[in-house]
Amino acid sequence: MPELMRAVAFSEPGGPGVLKIDYVPTPVPGHGQILIRVAYAGVNRPDALQRAGAYPAPPGASPLLGLECSGHVAAVGPGVTRWQVGDAVCALLPGGGYATHAVTHESHALPVPEGVTMEEAACLPETCFTVWSNVVMRGNLRGGEKFLVHGGSSGIGTTAIQIATALGARVFATAGSAEKCDACAELGAEAINYRDSDFVAVLKAAGGADLILDMVGGSYLQRNIKALANDGRLVQIAFLESPKAEVNFTEMMTRRLTLTGSTLRPQSDVAKARIADELIRHVWPMVTSGHLRPVMDGVFDMDDAAAAHTRMESSGHIGKMVLRMPGD
């Protein structure tokens, strides 16, 4: 392995313009870890938060951006049994995906599904880990239930629509333009343009949502509570508006509602491995059968990481964006 690798780095927090190409030490896989020669790296909102100084990397993780990638195993650390050098994988990363090489625990890597390109594969880990663990493992979504996802045209949203539809749920999704609503509808959702429609009224007319997946927070919290059916569940995974809100607990108590939430990155290796095993059993068959495919907004060269972040923060994108590493 080369001692130095090419990476997208930044020396101080700020806007997309702080992202620069640099040469940094190539990571060495430790016990139970694999080194991946990155082909494509997924671009996600937590990357922008970290770049802005609002989402620091957890202890022991690479300070580089990038929470998912696709590529080939370049080296294995002691104790690795699942992978061999040359295997094609896509992986959830603790950080470091915006580089030509990245390390992760062997149990957080998954085989590239049959019929999926490497650029598509880079879109799968972060969204699939997040959606499955929150919608199914935490939210307990079942066929026949009504499911609402906010931000339906995002990477999380497009994945959640497809997984929930494959499970037999009736799916609703909010989005902020006719184009985004059309994209949600094409995936199987009943789209709600939040700029001219009240999602609370729409869900109440349908009998209430059994499960809501929300990434807005703030004022949406009380509105989500009103949109839930009796015994409904709300799962919070982000707060684009605000992490604080005033809640009237009377309605939560009298209608037996469940409010919960999670973040993925700080969870233990064991917890992430458990999710990965669920994905192999339940989600990867959806991918190979064509019931779940990444919705891609664009592919950017590594040198254009700032442009990818600008695009993401404009909220004009539909689906996922990836960075292409040199040589691929």
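Predicted model: local features only at pLDDT ≥ 70, side-chain atom pairs only at ≥ 80, totals over all residues.
Biologist: How many disulfides are counted here?

Modeller: The count is zero. A disulfide needs two cysteine sulfur atoms within 2.5 Å.

Biologist: Are Cys 123 and Cys 181 buried or exposed?

Modeller: Buried means under 20% relative accessible area. Cys 123 has 2%, so Cys 123 is buried. Cys 181 has 10%, so Cys 181 is buried as well.

Biologist: What makes α3 and α9 roughly perpendicular?

Modeller: Helix α3 (residues 124-138) and helix α9 (residues 269-289) pack at about 100°, with axes 10 Å apart. Roughly perpendicular covers 65 to 115 degrees, and the pair is therefore placed in that class.

Biologist: Which residues make the contact?

Modeller: From α3, they include Leu 124, Cys 128, Phe 129 and Trp 132. From α9, Ile 275, Leu 279, Val 283 and Trp 284 are among them. By class, the contact has 12 nonpolar, two polar and three charged residues.

Biologist: Which residues touch the most other members of the largest nonpolar core?

Modeller: That core has 48 residues, and those with the most contacts to other members are Phe 129, Val 135, Phe 147, Leu 213, Leu 279, Val 283 and Trp 284. Leaving out residues up to four places away in sequence, Trp 284 touches Cys 90, Leu 110, Pro 111, Pro 113, Leu 124, Cys 128 and Leu 279. Another core, of 27 residues, lies apart from the largest one; Val 73, Trp 83, Leu 93 and Phe 300 are among its members.

Biologist: Why is Asp 231 called partly exposed?

Modeller: Exposed means over 50% and buried under 20%, with partly exposed in between. Asp 231 has 42% relative accessibility, so Asp 231 counts as partly exposed. Asp 231 lies in strand β12 (residues 228-236), and its phi is near 70°, a positive value in a residue other than glycine.

Biologist: Where is Arg 256?

Modeller: Arg 256 is in the loop between α8 (249-254) and β13 (258-261). Arg 256 is not a glycine, yet its phi is positive, about 55°.

Biologist: What makes Arg 256 partly exposed?

Modeller: Its relative accessible area is 46%, so Arg 256 is partly exposed.

Methods:
Residues numbered from 1 in each chain as written. Heavy atoms only, no water. Buried < 20%, exposed > 50% of the residue type's maximum accessible area, 1.4 Å probe, protein only. Axes fitted to C-alpha atoms, helices over the stretch in contact; angles between N-to-C directions. Helix = DSSP H or I, 4+ residues; strand = E, 2+ residues; numbered from the N terminus. Parallel < 35°, antiparallel > 145°, perpendicular 65-115°, else oblique. Contact = heavy atoms within 4.5 Å. Nonpolar A, V, L, I, M, F, W, Y, C, P; charged D, E, K, R; others polar. Core = buried A, V, L, I, M, F, W, Y, C linked by side-chain atoms within 4.5 Å.
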